[in-house]
Structures are given as structure tokens and as C-alpha cells.
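Thanks for coming, everyone; please have the sequence and the structure open while I talk. I will go through the strands, one backbone angle and the core.

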Amino acid sequence: MSKGLLAGAAVVTVLAAGSAQAASTELRRSADMRGLTFLVGGGVEGYTSGLRDQIDPGLAYGVTVAIKPTNVLGLELGYTGAISNFNDSRVLATDTSGPDIVRNGAQAAVTLGLTATPLQPYVMGGLGLSRYNVRSAALGFQDDTVGNVPVGAGLRLHIGSFTADARVNYNFLFDQEFALTVPPSDVDLGGDETFSSGGRYVGTINLGATF
């Protein structure tokens, strides 16, 4: 009797495992993980170190087009933008309605999935270029073009052709010449300018489709 129960349990276990594997395979087949992906998203952008003391976190937004030749490898090209405000009263000479800084940029990146499943964690890295437009009269800030190296991680979900993506990345800036270190009001820079240190972090949620 006990041998029959054990045999029955073994059969049920094998059938359950086979059903789960079949369901996983069917889900993977039904998800469009390869091909051309188009994503639109938004989130938050902020700065670290000395730049954090001068610029508040602001709204980030972007559009990404990616090609995935395999289930794990992706090549991206995207537009990135953000609007931010100054948070240091020593910076502003005159206040302006709307954002104090508008950033527009582009970046190319490579993503590498850590699994080949429809719910896929991944890491990414790339190269970018941004144009900073300073809209307020601000001590030490000026329009400038700045290069950056983005590195980060994310989680991507594929359901049929629908694609959702949550990502956090940190951008190492080639220079910070759009932002001088702001001295006390009674200190003369004297031509020996020093630039604020720091990088840029971005967290976004993106929605779109893969074809």
C-alpha cells in the first residue's frame, strides 16, 4: 500500500514539474524578447557630492530604441532629458519661472541580461553626451556640453509584445564645467576657478513594446 502511495506521489511530482516547465517554455515563446524595442519613460534625476548641494533632484524623461539580437544582449540608442532647480540661495542672482536648468542629451548603451527569462534582471553601460541650458542668472553656472559614462542595473518584463523596464543608473561626468564651486559672497574667485564635484543619478520606469 505504501509503495503504491509513493509511486503515485512520484507520478504527480513528475507531472507537476513537466507542467511547470511547459508553462515556462510557453511563456518564453509567447514573449517577444528579441527584435526592436521602443520605450518611453520618466522618473527622477539628481546629483551627488558638491553638485547635490547646489541642484535639487528633478524630473527625468526619455525615449529609447533598442535592438536585441539575442534574449540577453541589447544595444540601445536613446534621448535623455531632465529639468532641475537650484537649492542654494548663494547661487541665484535672479529667479526665473520654470526650471533653472534644462538638460538634453543622447546616449548609447549595451545591456546584458542576467537570465533569459521574460522577467529579466540586467546590467548596462555606455557613453552619453548632454547639453546643459542654465535658464536663471546664477553665480558660477553656465551653458555647457558635458560627456558622461552611464552604468547601472534594471529589471525588464516581456509579456507578448508589451515591454516594461525599471532602471537605475549612475553617470560619471567627464567634467562639471557648467558648475563652478560657489564661494561665500565676499570671496573673489580671482581667476582660479574650481568646479563642483559629483555625478548624476537617474531612476526611471519605461513602457513600450518589442516587435
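Predicted model: local features only at pLDDT ≥ 70, side-chain atom pairs only at ≥ 80, totals over all residues.

**Strand pairing and core**

Let me begin with Arg156, which stands opposite Asp165 in β7. Residues are numbered from 1 along each chain as its sequence is written, and side-chain values use heavy atoms, with hydrogens and water left out.

Strand β6 and strand β7 (residues 162-173) pair in the antiparallel sense over 12 bridges, where pairing requires that DSSP finds at least two bridges between two strands, and strands are DSSP runs of E with at least two residues, numbered from the N terminus, while helices are runs of H or I with at least four. These two strands form a hairpin with two residues between them, and Gly160 in the turn has a positive phi of about 60°. On the other pairing of β6 (residues 144-159), 12 bridges join it to β5 (residues 119-134), again antiparallel, with Asn148 as the bridge partner of Gly128.

Taken together, eight strands close into a barrel in the order β1-β2-β3-β4-β5-β6-β7-β8, with antiparallel pairing.

Ser49, in helix α2 (residues 49-52), has a positive phi of about 55° although it is not a glycine.

Finally, the largest nonpolar core has 13 residues, and Ile55, Phe86, Phe141 and Phe178 have the most contacts inside it; such a core is a set of buried (under 20% relative accessible area, 1.4 Å probe, protein chains only) Ala, Val, Leu, Ile, Met, Phe, Trp, Tyr and Cys residues joined through side-chain atoms within 4.5 Å.

Key: Buried < 20%, exposed > 50% of the residue type's maximum accessible area, 1.4 Å probe, protein only.
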